[in-house]
Amino acid sequence: MRTLLAILLALSAAACSGDGDAAGRVSVRGSDTMVILTQRWAEHYMRAHPEATIQVTGGGSGTGLAALINGTTDIATASRTITERERRNLRRNRDAEAHAAPVAIDAVAVYVHEDNPVASLTLAQLSAIYRGRIDDWRDVGGPPGRIVLYSRENSSGTYAYFKERVLEGRDFASEAQTLPGTAAVIHAVSRDPSGIGYGGIGFGGGVRAVPIATEGGDPVAPSAESALDGRYPLARPLLVYTAGEPRGTSADFIAWTRGARGQRLVEAAGYYPLPRVRTAERVTR
């Protein structure tokens with residue numbers, strides 16, 4: 001498996017910004033994982049560029065990419081990569097290629113209640129838990145008691161990422177409770193000592209992120225270093241997509257998020273900034 005750093009370098013090499021009028025209105029729609037961060041970006045960008053309007057809404061990565069395909073948003077935010085089907089639909093509907101740029105790094109954390117004593121989980125155990133094959137905490141080193149599953153809605157990029165990476169495309173257990181956003185998952189787990197949930201690393205409070213191990217490996221806690229070097233197995237880039245190369249205000253806004261000021265907001269929001277060599281550069285067309 002390629003490290004996240006290699007993926008980021010490949011994506012950054014393709015990231016471009018067009019020229020054009022810096023003034024204008026830009027709509028951004030998509031990832032609920034990214035919505036608070038994107039709103040902060042928009043607020044700070046508009047302070048520096050009062051002639052611009054950046055409108056941000058969530059709804060999930062799938063919703064944002066669907067809006068990009070049908071032309072109702074300028075920028076789609078996504079916590080997963082675009083699918084081949086979505087690429088084909090974008091070509092058909094808008095005669096454009098999907099253009100991606102990484103804007104931050106995330107680690108999908110597995111959250112338990114702060115009083116839960118489970119020290120770590122393997123990917124195999126995590127898969128068995130979310131498929132309903134393991135349903136008691138004592139089977140993974142915890143106290144006896146039923147495991148309560150909290151998950152994301154199926155329009156979520158985090159849901160799609162977790163299903164692909166952890167469940168290897170198989171279905172979640174029917175008893176998994178679907179919640180609209182990582183904040184809702186965190187809130188539920190923080191109030192439920194029997195609960196387990198997953199979501200972006202930028203959320204927390206009353207919960208604990210469990211170190212995760214691959215088969216035969218040591219448990220690794222999520223951190224900027226372990227996400228970048230590939231030791232943490234559930235690391236991913238956070239992405240923005242446009243239909244073709246971005247132009248005008250869209251291009252300038254994306255470049256700003258990847259620059260020093262935008263990346264400081266990434267860190268303040270609890271996510272991990274892009275590698276320094278990339279945040280310093282100004283992408284060119």
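Helices (H or I, at least four residues) and strands (E, at least two) are themselves DSSP runs, numbered from the N terminus. With these terms in hand, the tour may begin.

**Before selecting anything**

The structure is a predicted model, in which local features need pLDDT of at least 70 and side-chain atom pairs count only at pLDDT 80 or more, while totals for chains, interfaces and linings use all residues. Residues are numbered from 1 along each chain as its sequence is written, and side-chain values use heavy atoms, with hydrogens and water left out.

Display the whole protein. The protein contains 11 helices and 11 strands. Of its 285 residues, 54% are buried; buried means under 20% relative accessible area, exposed means over 50%, and partly exposed lies in between (1.4 Å probe, protein chains only). The accessible surface is about 12500 Å², and carbon and sulfur atoms account for 47% of that surface. Such areas come from the Shrake-Rupley method with a 1.4 Å probe; for residues, only the protein chains shown count as cover. A contact means heavy atoms within 4.5 Å. Among contacts between residues at least 6 apart in sequence, 76% join residues at least 24 apart.

Select residues 235-243, which form strand β11. Eight of the nine residues in this strand are buried, so the strand is mostly covered.

**Second stop: helix α5**

Select residues 123-130, helix α5. Why is α5 largely enclosed by the rest of the structure? Six of its eight residues are buried. These are Leu-123, Leu-126, Ser-127, Ala-128, Ile-129 and Tyr-130. To see what covers these residues, display β4, β5 (121-122), β6 (148-152), α6 (157-165), β8 (195-200) and β10 (212-213), which are included in the cover. After α5 comes Gly-132, with a positive phi near 85 degrees.

Two packed helices are described by the angle between their axes and the distance between the axes. Axes are lines fitted to C-alpha atoms, for helices over the stretch in contact, and angles run from 0 to 180 degrees between N-to-C directions. Angles under 35 degrees count as roughly parallel, over 145 as roughly antiparallel, 65 to 115 as roughly perpendicular and the rest as oblique.

Select α3 (residues 61-70) and α4 (residues 84-94), whose axes come within 8 Å and cross at roughly 25 degrees. The two helices are therefore roughly parallel to each other. In their contact, Leu-65, Leu-68 and Ile-69 of α3 meet Glu-86, Asn-89, Leu-90, Asn-93 and Arg-94 of α4. By class, these residues are four nonpolar, two polar and two charged. In this scheme, Ala, Val, Leu, Ile, Met, Phe, Trp, Tyr, Cys and Pro count as nonpolar, Asp, Glu, Lys and Arg as charged, and the others, Gly among them, as polar.

Now centre on Asn-89 in α4. Asn-89 counts as buried, at 19% relative accessibility. Leaving aside residues up to four places away in sequence, Asn-89 touches Ile-69 and Arg-94.

Most residues other than glycine have a negative phi, and most peptide bonds are trans. Select Asp-95, in the loop between α4 and β4: its phi is positive, near 55 degrees. Is Asp-95 buried or exposed? Asp-95 is exposed, with a relative accessible area of 72%.

Move to Glu-168, in the loop between α6 and β7 (177-179). Glu-168 also has a positive phi, of about 55 degrees, although it is not a glycine, and is exposed at 60% relative accessible area. Gly-169 lies in the loop between α6 and β7 and counts as partly exposed at 47%. Beyond residues up to four places away in sequence, Gly-169 touches Lys-163 and Glu-164.

**Last stop: helices α9 and α10**

Select α9 (residues 248-258) and α10 (residues 260-268), which pack at an angle of about 60 degrees with their axes 4 Å apart. That angle makes α9 oblique to α10.
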